[in-house]
Amino acid sequence: MESRHNLLQRRPTLWTAVVLVILQLALSCWMCTVDALQTGYYAATCPNAEAIIRAAMERGMQEDSGTAPGVLRLHFHDCFVDGCDGSVLLDGPRSEKTASPNLTLRGYEVIDAAKADLELACSGIVSCADILAYAARDAVVLTGGLGWAVEAGRLDGRVSDAGRAFAEIPDPSFSSAQLAAVFARKGLTTSDMIVLSGAHSIGRAHCDSVKTRLYPVQDPNLREPLAAELRSGCPQQGGSATFSLDSTPNQFDNAYYIDVVNGRGIMRSDQALFDDPSTRTETMFNSLGAAPWAFRFGQIMVKMGQVGVKTGPDGEIRRNCRFVNTPI
Ligand code: HEM
């Protein structure tokens, strides 16, 4: 047995170790407040930021109920192309918004309105990337979904390239495995992908997003009567019909999963979640448990909001979300 004398002798070493650990923790915590995103990020510098964005979203919703789905999708398309850095908002002849997967994005005006109000309240403080993250949460809440604490502290990027958007945004013709691979590149799991696909609880799809299910050969997993509905709105040439992504397109709920389980997933990528055995069980689980899915949705939105965040010299706080402050 160790003698009391030996223990006393070892005490200084023990204390040194304890002090070192405390110092290390303090240092890493200091670094995390510098580098990482935080909730309540603007509490001191722009205390009304969240309220200002929420008010802009409410006004936007009064004018057009498509504001909520539009903004939620904008945040996703922002994060998947060079990280959540507001690059999807930049104007320009070859910017992301000109890429084919982005041509039906909507909601830019409400982000402009929020930014204008924020610049009046606290100029040069709130990034466009953060506005998108807050507004996406508000979109869910304003359509009846569960909110979450949004992390902020992103900087806006200075680059927006259509080719990058084309390469990174998943296609509605994708299988579960292809979707999972795209999400994995962003550090998100297959389960995260299934949970976030529930965003298709609100909004719409255009003919271009369903046509590959109809022509030249009909998708064998596309069943009647949905097949007839899609065909009648979308002839092989042209067609400007839009289709609600689930049976309650203005309500953020788990009806999307119930529809998919019943063979009414609008896009191939939606229906794949149930038809592919690798994603079926969790899709069914989400169709049965509205509350657990809604809770997880918020958690995974926070995770998506961390993708490729710019916090160093490669970013800035844009004055206007459509333009970089100083072109490079
Ligand atoms: C899993 C892979 C995904 C694919 C393949 C996909 C693809 C699409 C497509 C093609 C549309 C319809 C565009 C149109 O025709 O107008 C759409 C709509 C939408 N997507 Fe996704 N999406 C995916 C994941 C997500 C995620 C993760 C979110 C958000 C977190 C999201 C949010 C939305 C919303 C809200 C709409 C409706 C937009 C509106 O009504 O304006 N999607 N998506």
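Trainee: Which side chain does Ser87 meet in a polar contact of 2.7 Å?

Mentor: The side chain of Asp85. A polar contact here is a pair of N or O atoms within 3.5 Å; within protein, one must be able to donate a hydrogen and the other to accept it, and residues adjacent in sequence count only if both atoms are side-chain atoms. Keep in mind that this is a predicted model, where local features need pLDDT of at least 70, side-chain atom pairs count only at pLDDT 80 or more, and totals for chains, interfaces and linings use all residues. Residues are numbered from 1 along each chain as its sequence is written, and side-chain values use heavy atoms, with hydrogens and water left out.

Trainee: Okay, where does Ser87 sit?

Mentor: Ser87 is in the loop between H3 and H4, and Asp85 is in the loop between helix H3 (67–79) and helix H4 (108–121). Helices (H or I, at least four residues) and strands (E, at least two) are DSSP runs, numbered from the N terminus.

Trainee: Is Asp85 buried or exposed?

Mentor: Asp85 counts as buried because its relative accessible area is 1%. Ser87 is buried too, at 0%. The cut-offs are under 20% relative accessible area for buried, over 50% for exposed and partly exposed in between, with a 1.4 Å probe and protein chains only.

Trainee: What does Ser87 touch?

Mentor: Not counting residues up to four places away in sequence, Ser87 touches Asp78, Val81, Glu96, Val159, Ser160 and Arg318. Contact means heavy atoms within 4.5 Å. With neighbours within four places set aside, the contacts of Asp85 include Asp78, Lys310 and Arg318.

Trainee: Which residues does the UniProt "binding site" annotation cover around there?

Mentor: That unreviewed entry covers Asp78, Val81, Gly83, Asp85, Ser87 and Glu96. They are spread over 19 residues of sequence but cluster in space, with a largest C-alpha distance of 12.6 Å. UniProt positions are in the numbering used here, feature names are shortened, and annotations may be inferred rather than shown by experiment.

Trainee: And what about Pro170?

Mentor: UniProt lists Pro170 for "binding site" as well, in an unreviewed entry. Pro170 is in the loop between helix H6 (162–168) and helix H7 (176–185). Its relative accessible area is 17%, so Pro170 is buried. Leaving out residues up to four places away in sequence, Pro170 touches Phe76, Phe80, Leu179, Val182 and Phe183.

Trainee: Switching to the ligand: which protein donor does its iron atom have?

Mentor: A single one, His200, through NE2 at 2.1 Å. Donors are N, O and S atoms within 2.8 Å of the metal (3.2 Å for Na, K and Ca); water is not among the atoms, so sites may look incomplete. His200 lies in the loop between helix H8 (190–197) and strand S3 (204–206). A polar side-chain atom of His200 is also 2.9 Å from a nitrogen atom of the ligand.

Trainee: What else reaches the ligand?

Mentor: An N or O atom in the side chain of Thr104 is 3.1 Å from a ligand oxygen. Arg204 has a backbone N or O atom 3.0 Å from an oxygen atom of the ligand.

Trainee: Last one: where is Thr283?

Mentor: In helix H12 (residues 277–288). Thr283 is buried, because its relative accessible area is 0%. A polar atom of the Thr283 side chain lies 2.7 Å from the backbone oxygen of Thr279.
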